[in-house]
Structure formats: structure tokens, C-alpha cells
2 protein chains.
Amino acid sequence: MPTPTLLVLDAEPLPRLGRLTGRAHVEHTDAKGLAERLPHADVLLVWDFTSHAVRDAWPGEGPRPRWVHTASAGVDHLMCPELAASDTVVTNARGIFDQPIAEYVAALVLAMAKDLPRTLELQRERTWRHRESQKVAGGRAVVVGSGPIGRAIAGTLGALGITTALVGRTARAGVHGPEDLDRLLARADWVIAAAPLTEQTRGMFDARRFGVMQPSARFVNIGRGQLVVEDALAEALAKQWIAGAALDVFESEPLPADSPLWQVPGLIVSPHMSGDIVGWRDELGTQFVELYELWAAGEPLKNVVDKQRGYVPGH
Amino acid sequence: MPTPTLLVLDAEPLPRLGRLTGRAHVEHTDAKGLAERLPHADVLLVWDFTSHAVRDAWPGEGPRPRWVHTASAGVDHLMCPELAASDTVVTNARGIFDQPIAEYVAALVLAMAKDLPRTLELQRERTWRHRESQKVAGGRAVVVGSGPIGRAIAGTLGALGITTALVGRTARAGVHGPEDLDRLLARADWVIAAAPLTEQTRGMFDARRFGVMQPSARFVNIGRGQLVVEDALAEALAKQWIAGAALDVFESEPLPADSPLWQVPGLIVSPHMSGDIVGWRDELGTQFVELYELWAAGEPLKNVVDKQRGYVPGH
């Protein structure tokens with residue numbers, strides 16, 4: 001077959017693609033050039049996973065890429081009805097972020113339990129003030145999202161002695177269905193949002209759900225900003241319905257400098273970095289090259305997204 | 001026998017001692033009154049474990065308590081040659097602090113790996129700045145101190161996927177001797193000081209040892225301040241011989257407001273709180289009451305300190 005055209009939507013240089021030299025005709029584009037180039041591409045690699053350009057540029061009919069890969073776990077930024085209805089295969093970066101995100105969640109949980117943000121404040125003020133802190137072992141967590149990221153979080157929290165329940169789209173072995181969620185939230189010390197953004201999960205953490213949680217509970221979102229009604233979280237913290245929270249993802253990213261969220265007491269704000277360890281771009285590049293080799297050889301792809309559900313169906 | 005006199009050196013109220021009503025004649029004292037009362041006491045409970053008063057007040061000859069218990073893991077604050085040479089039994093709070101301290105160390109390790117202090121700074125500045133962070137799984141740690149606290153730390157770091165070596169006073173199964181320390185330090189990502197303060201360990205983390213560590217290494221001290229030459233640590237951080245450090249204990253506690261340590265870049269300062277979870281005073285009180293019941297029944301005590309070595313000999 002002729003050398004396929006690989007179109008890369010990128011905002012910054014991408015490692016490891018040199019390994020495809022001679023096996024792909026690689027073109028780069030930004031969001032503006034995407035619509036014009038998409039019909040001529042065999043494969044689209046969405047390297048700039050912060051962009052929503054694919055949704056806007058996807059051709060309704062006629063020629064289009066047969067395969068779209070996104071260098072991210074979530075696919076919400078690129079899915080649109082036309083892409084979902086097409087026979088184009090969509091794959092994601094399943095597997096790369098699991099362990100790093102699990103460690104990041106453990107870091108936030110332990111930092112909140114040990115009152116580390118306050119310790120750093122007191123250090124700035126040169127003030128020695130002994131406080132008692134919390135033991136995490138023996139506590140209870142609920143992780144919403146039963147994919148590889150949610151399971152990795154449950155494994156790491158479990159290793160710290162925290163009894164962890166997973167909640168998924170449907171009940172199955174080791175996973176609770178949504179019908180158990182409120183009951184689990186009512187007794188959790190830690191609530192971790194790690195679900196994909198779908199029509200079922202959008203806005204699921206709203207005022208009612210924060211009201212169900214214990215006053216001592218703390219909430220962490222490393223999934224997608226839109227899982228959370230941000231105003232409701234800020235109010236729940238202000239009214240001490242819950243004891244603390246940490247957000248790594250937001251409705252609008254980067255979080256605008258004038259957002260009130262930066263200064264909500266009891267809220268840790270981080271810039272969508274939970275999975276991004278040193279070397280992550282390398283790993284994403286290597287993963288894509290391996291998938292490309294399968295695709296070029298006509299073999300079945302891995303990490304194929306169920307385009308109706310919006311994620312890779314699990315075990 | 002007549003009701004024994006239990007003398008309590010305390011700075012604040014102590015829970016659970018009411019359970020000894022009728023079985024002990026309980027007297028309270030501060031540091032000033034200690035020397036006068038010591039000769040009349042059968043048992044001394046050092047509840048104010050920040051005090052060095054016992055060392056100064058211990059009677060050289062004549063009547064003195066037959067048993068001294070300290071509500072702390074370390075005994076360096078009370079040991080003196082006269083106490084060491086006497087037949088008075090010394091016990092400590094072995095077991096209470098192990099898991100809380102292990103969690104605290106994990107919190108510091110993860111916070112440094114995930115650059116959390118910088119994230120909190122950027123939040124104050126309302127600045128969204130994505131950074132890459134470190135994966136802890138697959139890294140290497142050295143824990144100096146092979147007692148229950150050191151072993152609990154090794155267990156928790158191991159659960160996070162960090163390969164952890166223990167270094168003790170002498171080599172034995174699962175524990176390296178001091179002769180291996182420099183070789184282990186040279187390849188460690190994390191160095192944790194969890195040793196008792198003895199003549200062998202005083203000042204062991206000095207300029208030479210920080211020079212042996214990797215530039216990417218981070219150092220944590222939750223043992224005793226005097227294990228570390230503080231000026232040498234500050235200099236090692238300034239010269240980037242190591243990448244970061246966290247101290248929970250200091251040569252002088254509370255750390256004076258004018259100490260330069262408060263503002264050393266890359267150093268986290270916390271107020272000797274690593275083991276002090278909510279309920280710790282209750283646990284310490286309960287532990288003492290249980291030991292008192294053994295003692296009053298003439299049964300062998302637990303947690304008996306080797307007064308020459310300065311800690312409870314382990315397995």
C-alpha cells in the first residue's frame with residue numbers, strides 16, 4: 001500500500017515519532033489547519049490533547065481518517081456525533097497514566113490527612129504550632145470510575161490501609177453500580193472522582209451529593225472538571241459540608257486567574273498534572289508507535305474506545 | 001504492699017490515668033519540683049516528653065523510682081549515667097507511633113515527588129503552571145533505624161513500590177549494618193532518618209554523608225534533630241548536593257523564630273508532629289496503664305529499654 005499520511009495535531013514537539021520514518025508521511029497541523037487537512041489524512045494523532053479542534057473540524061461526509069488516536073485517557077475533547085457514527089476507529093492512551101495518577105491521589109490524600117498545606121503556611125510565618133493529624137489506615141474511600149485509573153487508585157489507597165470501594169457504570173465483580181453510590185458516599189472519608197466524562201457522569205458531584213458526604217470527608221477530582229459542579233463544591237467547603245478538597249481538573253483550563261476557586265479555603269488547586277511524570281511524553285510517543293505498527297500490519301488495534309460510551313470498555 | 005506512689009512529670013492533662021484510682025497514689029509535678037519529689041516516688045511517668053528535667057534531677061544515690069516510663073519512642077531526653085548505672089527499669093512508648101510516622105514519611109515523600117509545595121505556592125499566586133513530576137514506584141529508599149518505626153516506614157514505602165533498605169546498628173537478617181550505609185546512600189532516591197539518638201548516631205548526617213548522596217536524592221528526618229548537622233544540611237541544599245529535604249525534628253525545639261532553617265529553599269519544616277495522630281494521648285495513656293498493671297502484679301514489663309544502647313533491643 002502507499003505510505004499512509006499521518007496527520008499530527010500538536011502544540012509542541014513530540015518524541016519517538018522519528019521511528020516511523022519511511023513508514024508514514026507525517027504532517028503537522030494546528031487547530032486552524034485541521035479542517036483543511038483532515039480529508040487527506042489516513043491517521044490522525046491528537047497530540048495536543050487540550051484542544052477541542054477535532055470536534056469542530058471533523059468532516060461530516062466524504063474522506064476522513066480511518067483511525068484517530070488521542071494521547072490522553074479521556075476522549076471527551078474530540079468526540080462528536082459524526083465521529084461516533086462513522087466507522088473511524090478511536091484509540092486512547094489507556095495504561096500510561098494509571099500508576100502516576102494513583103500516586104498523585106495518594107499524595108493529596110496523605111497531604112490532607114497530615115495537614116501539610118497548613119504546615120507550609122506556618123513555615124512561611126516561622127511559626128512552630130504542633131497539631132494532631134489523621135491516620136489514613138483504617139479509613140474508607142470511594143473511587144468513582146472503575147477503569148484502569150480508578151483501579152490503580154484503589155490499589156494504592158488499599159496499600160495504605162484504606163478500604164476502597166470502586167463505583168462503575170454497572171455493577172460487576174468488585175465494582176459497585178451507581179445505585180450504591182449515595183450509600184457509599186455517606187460513610188466515606190475520601191471520595192475520588194476518576195470517571196470518564198460522559199452524559200451519565202457530567203455534573204454528578206453536585207450540591208446534593210456533597211450534602212450526602214460526611215463533614216469529615218475530603219473530595220479529590222483527577223478525572224474531568226465537568227464531573228463537578230464547581231460552585232456547589234465551593235459552597236460545600238464554605239458551609240463545611242465536607243472538610244477539604246483537591247481539584248486537578250476544571251471546567252475551564254487553564255483555570256482563569258480571576259477564578260474564585262484559587263482562594264477557596266480548604267481547596268488545593270493543581271494544574272492538570274496528576275498523570276504527567278518525567279518521561280510521560282516519551283511513553284505516549286512509544287505507545288503510539290506501537291499502535292501504528294499494529295495498524296500498518298493490519299492487525300487489531302488495542303485501547304479501542306467504545307465511541308457511544310466514551311471510554312475503552314473494561315474487564 | 002502499700003499503694004505505690006506514681007509521680008507524673010506533665011505539662012498538660014493526661015488521659016486514662018483515672019483507671020489507676022485506688023491502685024496508685026498519683027502526684028503531679030513540673031520540672032522545678034521534680035528533684036524534691038523523685039526520692040519519694042516508686043514510679044516516674046515522663047508525660048512531658050519534651051522535658052530534659054529527669055537528667056538534671058535524677059538522684060545520684062539513695063531512694064529513687066524503681067521504674068521510669070516515658071511517653072515517647074526516644075529516651076535520649078532522660079538518660080544520664082546515673083540512671084543508666086542504676087537498677088531502675090526504663091520503658092518507652094514503643095509501638096504507638098510506628099504506623100502514624102510511616103504515613104507521615106509517605107506524605108512527605110509523595111509531596112516532594114509530586115512538587116506539592118510549589119503547587120501550593122503557585123495557587124497563592126493564582127498561576128496555572130503545568131510541571132512534570134516524579135514517579136515514586138521503582139525508586140530506592142534507605143531507612144536508617146531498624147526498630148519498629150523504621151520497619152513500619154520500610155513497609156509503607158514498599159507498599160508504594162519503593163525498594164527500601166533498612167540500616168541498623170549491626171547487620172542481621174533483613175537489616176544492613178553501618179558498613180553498608182555509604183554504598184546505599186550513593187544510590188538512594190530517598191534517605192529517611194529514623195534512628196534513636198545515641199553516641200553512634202549523633203551527627204551522623206553530616207557534610208560528608210550529604211556529599212555521598214545523589215543530586216536527585218531527598219532527605220527526611222523524623223528521628224531526632226541531633227542526628228543531623230543542620231548547617232551541613234542547609235549547605236547541601238544550597239549547593240544542590242541533594243534535591244530536597246524535610247525535617248520534623250530539630251536540635252532545638254521549638255525551632256526558634258529566628259532560625260535560618262525556616263527559609264532554606266527546598267526544605268519542609270514541621271513541628272515534631274509526625275507520630276501525633278488524633279487520639280495519640282489516649283493511646284499513650286492506655287499503654288501506660290497496661291504497663292502499670294503488669295508492674296503492680298510483679299510481672300515482667302514490656303518495652304524495656306537497654307539503658308546502655310538507648311533503645312528497646314529488637315528482633
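B:Glu103 has its place in helix 4 of chain B, and in this predicted model the residue counts as buried because its relative accessibility is 2%, which lies under the 20% limit. Leaving aside neighbours within four places in sequence, the contacts of B:Glu103 are with residues of chain A, namely A:Leu110, A:Lys114, A:Gln134, A:Lys135, A:Val136, A:Ala137 and A:Leu160. Within chain B, B:Glu103 and B:Asp282 are separated by 179 residues in sequence and, from C-alpha to C-alpha, by 19 Å in space.

B:Lys114 and A:Glu103 are both buried.

**The interface between the chains**

Seen as a whole, the interface brings 54 residues of chain B into contact with 54 residues of chain A. The area buried between the two chains is about 4800 Å², and carbon and sulfur atoms give 63% of that area. Between chain B and chain A there are 4 salt bridges, and 28 residue pairs, with both residues at pLDDT 80 or more, are in polar contact. On the side of chain B that touches chain A, at least two residues each are supplied by helix 4 (98–113), helix 5 (116–124), helix 6 (148–159), strand 11 (267–269) and helix 10 (280–296). Helix 4 of chain B gives the most to this side, with 8 residues. Sorted by class, the side of chain B that touches chain A has 30 nonpolar, 12 polar and 12 charged residues.

**Salt bridges**

Over all chains, the structure holds 30 salt bridges; the table sets out some of them, including the two pairs described above.

| Pair | N to O distance |
|---|---|
| B:Arg23 and B:Glu293 | 3.1 Å |
| A:Glu199 and A:Arg202 | 3.8 Å |

In the salt bridge between A:Glu199 and A:Arg202, A:Glu199 is exposed, because its relative accessible area of 63% is over 50%, whereas A:Arg202, at 45% relative accessibility, counts as partly exposed. The side chains of B:Arg23 and B:Glu293 likewise meet in a salt bridge. This pair links distant parts of the chain, 270 residues apart, with B:Arg23 in the loop between strand 1 (5–9) and strand 2 (25–29) of chain B and B:Glu293 in helix 10 of chain B. B:Arg23 is partly exposed, with a relative accessible area of 38%, and B:Glu293 is partly exposed as well, with a relative accessible area of 32%. In chain A, salt bridges that share partners join A:Asp182, A:Arg208 and A:Arg209 into one network.

**The fold of chain A**

Chain A comprises 10 helices and 11 strands. Its radius of gyration is 21 Å, which agrees with the value near 20 Å that a compact globule of 315 residues would have. The C-alpha trace of chain A spans about 70 × 45 × 35 Å along its principal axes, and 56% of the 315 residues of chain A count as buried. Among the contacts in chain A with a separation of 6 or more, 60% are accounted for by residues 24 or more positions apart.

**Backbone features**

In chain A, a cis peptide bond with omega of about -5 degrees joins A:Glu253 and A:Pro254, and A:Pro254 lies in the loop between strand 10 (244–247) and strand 11 (267–269) of that chain. In chain B, the peptide bond from B:Glu253 to B:Pro254 is cis, with omega near -5 degrees, and B:Pro254 lies in the loop between strand 10 (244–247) and strand 11 of chain B.

A:Gln240 has a phi of about 55 degrees and lies in the loop between helix 9 (230–238) and strand 10 of chain A, where A:Gln240 counts as exposed at 62% relative accessibility. B:Asn303 has a positive phi of about 60 degrees and is found in the segment after helix 10 of chain B; at 17% relative accessibility, B:Asn303 counts as buried.

Definitions and conventions:
Residues are numbered from 1 along each chain as its sequence is written. Chains are lettered from A and ligands numbered from 1 in the order in which they are written. Side-chain values use heavy atoms; hydrogens and water are left out. Contact means heavy atoms within 4.5 Å. Buried area is the accessible area (1.4 Å probe) that two parts lose on being put together, summed over both. A polar contact is a pair of N or O atoms within 3.5 Å; within protein, one must be able to donate a hydrogen and the other to accept it, and residues adjacent in sequence count only if both atoms are side-chain atoms. Helices (H or I, at least four residues) and strands (E, at least two) are DSSP runs, numbered from the N terminus. Ala, Val, Leu, Ile, Met, Phe, Trp, Tyr, Cys and Pro count as nonpolar, Asp, Glu, Lys and Arg as charged, and the others, Gly among them, as polar. The radius of gyration is taken over C-alpha atoms; the globule rule is 2.2 Å times the number of residues to the power 0.38. Buried means under 20% relative accessible area, exposed over 50%, partly exposed in between (1.4 Å probe, protein chains only).
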